Amino acid sequence: MFVELRPEDPRPVYRQIADELQRAIGVGMLKPGESLPASRQLATDLKLNPNTVQHAYRTLVQEGVIEMRRGLGAFVAAAPPRDPRRKPALIARQIAERALREAFRQGLLASDLIAALAEISPASSQRR
């Protein structure tokens, strides 16, 4: 599943779920019109109370990111809105946090990751 919850995150669990689903939609893992997992199934997968997942889904409906279809479930909205509050720096930090966690799992240091990013960055090739 594409939802990653962090116990140390200060955000409520429902908001973490909502943000993770928004991120999955934003990066194209979930396409417009695609169905989301049933709230009970996602709750089971994440070992959460189904009400928590339902709260996240209701929040995303209010934000226009997903739509509920009676008897069918939750689906990604046809054109999810862009949130002007989501600044590129915040998104970059979230991506960097995930990359850093994966690097640590692989036994790499932050400096290894930074060097690799600098090496592959289009800006670094322009300086040469």
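A: Start with the whole chain. Among contacts between residues at least 6 apart in sequence, 49% join residues at least 24 apart. The model is predicted. It contains 6 helices and 2 strands. Their order along the sequence is α-α-α-β-β-α-α-α. Of the 128 residues, 26% count as buried. The chain exposes about 8700 Å², and carbon and sulfur atoms supply 58% of that area.

Now the pair itself. Two packed helices are described by the angle between their axes and the distance between the axes. Helix H2 covers residues 39–46, and helix H3 covers residues 50–62. Their axes come within 8 Å of each other and cross at roughly 120 degrees. H2 is therefore oblique to H3. Angles from 65 to 115 degrees would count as roughly perpendicular, and those over 145 as roughly antiparallel. The crossing of H2 past H3 is right-handed.

Next, the residues that meet. H2 contributes Ser 39, Arg 40, Leu 42 and Ala 43. H3 answers with Pro 50, Val 53, Gln 54 and Tyr 57. By class, the residues of this contact split into 5 nonpolar, 2 polar and 1 charged.

Leaving out residues up to four places away in sequence, Ser 39 touches Val 53, Gln 54 and Tyr 57. Is Ser 39 buried or exposed? Its relative accessibility is 15%. Buried means under 20%, so Ser 39 counts as buried.

One residue elsewhere gives a second view. Ala 77 sits in the loop between strand S2 (73–76) and helix H4 (88–105). Its relative accessibility is 8%, so Ala 77 also counts as buried. What does Ala 77 touch, residues up to four places away in sequence aside? Its partners are Pro 32, Gly 33, Gly 64, Val 65, Ile 66 and Glu 67. There is also a spacing to note between Ala 77 and Leu 60. These two residues are 17 apart along the chain, and their C-alpha atoms are separated by 9.7 Å.

To recap the pair: H2 and H3 cross at roughly 120 degrees, with axes that come within 8 Å.

Conventions:
Residues numbered from 1 in each chain as written. Predicted model: local features only at pLDDT ≥ 70, side-chain atom pairs only at ≥ 80, totals over all residues. Heavy atoms only, no water. Axes fitted to C-alpha atoms, helices over the stretch in contact; angles between N-to-C directions. Helix = DSSP H or I, 4+ residues; strand = E, 2+ residues; numbered from the N terminus. Parallel < 35°, antiparallel > 145°, perpendicular 65-115°, else oblique. Left-handed = near helix turned anticlockwise from the far one by under 90°. Contact = heavy atoms within 4.5 Å. Nonpolar A, V, L, I, M, F, W, Y, C, P; charged D, E, K, R; others polar. Buried < 20%, exposed > 50% of the residue type's maximum accessible area, 1.4 Å probe, protein only. Areas by Shrake-Rupley, 256 points an atom, 1.4 Å probe, with all protein chains shown as cover.
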